[in-house]
Amino acid sequence: MKVALEKLSQSLKGSVQSDPLSKALYATDASVYRKMPLGVAFPKDLEDLQSIIQFCNENGVGLIPRTAGTSLAGQCVGDGLVVDVSKYFTDIISLDLTKKQVTVQPGVIRDELNDYLAPHGLFFGPNTSTANRCMIGGMVGNNSSGTTSIKYGVTREKVVSMKAVLWDGSIAEFKDLSSDTFRVKMLEASAEGQIYKGIFDLLSPLEIQSQITEAFPKREIHRRNTGYAIDLLLEADILGGNAPFNMAHLLSGSEGTLALTTEITLQLDDIPPSYSAMVVTHYNSLEDCLKDVAPVMKCDLYTCEMMDKIILDCTKSNREQSENRKFIEGDPAAVLMLEVRAFSEEALQENLSLLLDQINTSGLSYAAPILSGSDIGRAGALRKAGLGLLGNMVGDKKAVACIEDTAVALEDLKDFIGEFTSIMKSYDQDAVYYAHAGAGEIHLRPILNLKESEDVSLFRAITTDVAHLTKKYKGSFSGEHGDGIVRAEFIPMLIGAENYALLESVKQLFDPNGIFNPGKIVKAYAMDASLRYEINRVEPSIDTILDFSDKQGILRAAESCNGSGDCRKTHESAGGMCPSYHVTKNEKDTTRGRANALREFLTHPNSLKERRNAFDNQALKEVFDLCLSCKACSSECPSNVDIATYKAEFLYQYQEANGYSFRSKLFAYNTQLNKLSSLVAPLTNAVYKSPLSGVIKRLSGVSQKRSLPQVGRFNFQKFLALQSKKFELTKQTVVLYVDEFTRYMDIEIGKDAILLLLNLGYKVQLWQAESGRTFISKGYLKQAKAIAEKNLSDASLFLDQQWPILGIEPSAILSFRDEYKRLSPDHTMVEKLALHSFLIEEFLVAEFNRGEISPEIFHNNEKQIKVHVHCHQKSLLNSKVTFDLLNIPLKHKVTLIPSGCCGMAGSFGYEKEHYDLSMSVGALSLFPAVSKAAKDVVIAANGTSCRHQIKDGTQRDAKHPITILKESLL
């Protein structure tokens with residue numbers, strides 16, 4: 001098979017990868033399953049797809065289609081060839097404004113499609129929680145719905161036509177057909193013609209139609225994906241209905257088991273009314289919440305979503321989402337998020353009044369705050385993060401996706417949930433309730449440990465009982481997440497053996513050799529086999545120098561990634577995760593890819609060497625290589641997967657086994673080198689600017705295209721003593737932390753910080769010390785730990801006085817809040833230092849808000865400022881403090897550049913093999929924003945690496961915010 005795969009790869013314009021890392025990355029999706037594929041194909045065009053289908057037919061290999069890989073039911077895993085169309089099949093082919101239709105390839109991201117459509121006043125309605133990274137092909141495959149289905153319907157209802165490659169490599173276009181055209185199609189000798197004839201023969205008998213109607217879910221449940229949608233085909237006039245026949249409606253929701261889609265034409269809607277409000281009703285019990293669904297749905301709602309206490313509690317510990325939950329009052333058992341919209345403020349208020357009247361009449365909720373503007377977006381972000389946030393549960397017990405996709409008629413919802421709750425109580429289970437309540441769909445998740453056989457048995461037992469309950473209410477066991485592996489096994493029971501035989505016949509018509517996504521929908525894999533973890537395993541013992549006890553070890557920290565794929569959003573979406581993926585579009589460069597690789601290779605070491613040190617693995621070296629340690633994942637990932645920290649541990653462990661390179665030592669000991677260089681600073685700087693710098697770069701592995709930073713020597717203590725005499729210092733004492741970057745490279749910024757604080761009336765003490773950042777970034781964790789221990793002890797002098805410690809360089813001061821807790825968790829001062837350390841902008845803004853700083857001390861000169869904020873600040877703090885600081889002078893007009901990582905990332909951007917990627921990251925949004933700014937616009941950046949990157953990438957000088965504020969003093 002290896003030879004056959006190599007031959008296939010050579011025949012493609014794209015590629016096939018079958019190395020251990022690639023296979024490990026695609027062995028899982030967002031479900032509980034793990035199946036190691038034969039390899040992963042990345043086709044570039046139609047001919048590549050045809051070659052892949054031919055290969056699979058000839059070799060009896062399954063073809064598993066995949067886009068973003070966010071499926072919850074195991075649709076995207078299999079032991080055949082995974083075909084990833086997310087990298088190259090990404091074109092928006094055409095837009096017909098008259099028909100309000102758009103044609104796309106399957107790899108187009110839903111939100112990015114809507115960004116493209118927005119200027120035309122159109123949008124694609126179905127809106128999943130994964131909309132910023134999920135792709136249209138996957139949405140069609142799963143018949144996705146999301147929050148807007150009560151207003152705009154489900155994906156199937158929006159599919160106008162589809163082009164697909166059939167099992168024999170022929171191309172078919174499926175669209176509306178009249179009865180006459182259908183009959184002509186049936187006469188064709190092609191694979192397509194045989195499919196039409198076979199479908200007609202299967203479904204035309206009246207007794208068969210009656211059998212289908214009787215057993216399939218209720219028609220009023222618009223979220224239904226149980227098996228193939230043969231019940232919907234009965235609406236066609238050729239089969240006795242009154243609508244055109246459209247085979248695309250059958251392929252929608254078929255999970256790639258029938259054909260390989262290449263183009264999809266979608267019906268669009270007008271953009272929703274712009275005036276909106278959201279009422280969030282709070283309930284003391286789940287029962288009260290569910291009772292309120294039917295009454296509020298009498299109003300003209302755009303969304304009706306439910307979140308329960310378990311998920312709401314998960315949001316408390318997520319750095320990003322904790323900010324989005326501020327509308328929550330008290331400790332509700334559940335909330336409903338009810339959105340109304342209108343084309344005018346008056347109409348909105350009328351709709352809102354009707355909704356509030358309905359809420360007051362029911363009297364079931366104890367609070368109903370009204371959200372508007374950006375607060376609605378924040379509430380929506382909270383809800384979208386819900387399923388991913390469940391990965392925050394520490395330990396092996398997780399909220400497991402197995403019965404999380406049930407949909408029933410709205411009038412059955414309360415009774416269904418009541419019986420479901422009784423089932424869960426019989427298993428001593430507290431389930432998670434998370435719902436598209438207005439559509440009658442509840443994401444119900446039991447909390448299980450699928451590493452233990454007892455809970456795996458519960459996994460099957462609970463799923464089976466709820467499947468029977470769903471059938472009792474004639475509901476859909478698969479509402480929007482699909483059958484996949486977890487639910488396909490129950491389809492025969494749900495729709496009956498006779499109807500299941502029809503599904504098998506449909507599969508045979510489309511896929512006689514069974515190559516398309518085998519084991520899904522028909523001839524299903526067992527739902528309790530091929531799980532992500534070996535059952536009853538002895539947990540691998542992984543010793544680390546960093547403390548991961550809060551995650552129960554680094555392995556469980558990696559395992560907390562549930563595959564939701566938030567890290568696959570592109571730079572077009574808000575946030576910085578994950579900068580290298582934004583450039584390469586490779587799965588290995590996502591947070592998910594790195595976490596999956598770490599989990600895989602720590603759990604399954606292949607060689608004796610790896611069994612001695614599981615980190616000593618070339619695949620892990622490759623997967624961490626392009627991580628910029630920006631830390632965006634530690635806040636933007638719903639599970640707070642902190643790859644930067646895992647990378648530091650990996651580098652330490654790997655280098656301990658394989659040695660530390662010369663270049664690694666140069667960067668790690670950069671502070672010591674700068675200290676020595678500063679003694680002869682003029683000579684050092686002259687050499688750095690001379691042709692000799694090329695020799696230095698070559699010997700040290702630095703890119704020839706990168707400029708070297710200048711160093712300096714300065715007595716900050718003497719400067720402070722001299723300047724302090726010039727000011728009346730009436731305010732509290734603060735400690736200015738002069739880090740290693742400020743001390744030897746950014747001296748002028750250090751002086752500006754001193755002068756600003758003195759001008760503002762603060763008594764200033766200096767603390768000059770290395771933070772250990774360079775050691776952390778290069779994996780020199782013993783050295784970093786020693787520095788942390790020393791700093792924690794030295795800081796006691798300031799902490800005992802309750803003096804705030806203010807830092808200039810974000811990566812240095814914020815290490816006190818972050819890495820020090822893992823380097824020295826037991827030190828008596830570690831929590832105290834974290835609590836009393838502040839970015840200087842953060843402290844000054846707090847003082848301004850307390851009235852301690854007046855804008856009157858700054859001049860009234862108008863100044864336009866564009867701000868790029870350091871990655872670590874975005875992750876561990878926020879961008880707002882820098883924005884607010886620069887807005888203190890009344891005539892400052894400040895805008896934040898919507899950029900992710902600058903691309904420099906400390907030493908990363910200097911390294912010759914990383915230079916091009918570094919600059920490509922900067923070119924995504926930062927460089928264009930800076931370059932477009934007029935020459936009189938001040939560029940602000942508080943990171944030393946950021947300023948260097950901006951200079952190299954745009955030839956513009958960026959200033960630290962503190963310098964800008966100091967220059968604005970009267």
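Student: Which residue meets E305 in a salt bridge?

Tutor: A salt bridge is a side-chain nitrogen of Lys or Arg within 4 Å of a carboxyl oxygen of Asp or Glu. Here the side chain of E305 pairs with that of R383, at 3.4 Å from N to O. E305 belongs to strand β15 (residues 303-308) and R383 to helix α16 (residues 374-384), so the contact ties together parts 78 residues apart in sequence. Helices (H or I, at least four residues) and strands (E, at least two) are DSSP runs, numbered from the N terminus.

Student: On what basis may I read these values?

Tutor: The model is predicted: local features need pLDDT of at least 70, side-chain atom pairs count only at pLDDT 80 or more, and totals for chains, interfaces and linings use all residues. Residues are numbered from 1 along each chain as its sequence is written, and side-chain values use heavy atoms, with hydrogens and water left out.

Student: Is E305 buried or exposed?

Tutor: Buried means under 20% relative accessible area, exposed over 50%, and partly exposed in between (1.4 Å probe, protein chains only). E305, at 3%, is therefore buried, and R383 is buried at 5%.

Student: What is the relative accessibility of E419, and of K472?

Tutor: E419 is partly exposed at 28%, whereas K472 is exposed at 58%. These two residues form a salt bridge, with their closest N and O atoms 2.8 Å apart.

Student: How many salt bridges are there by this rule?

Tutor: The count is 65.
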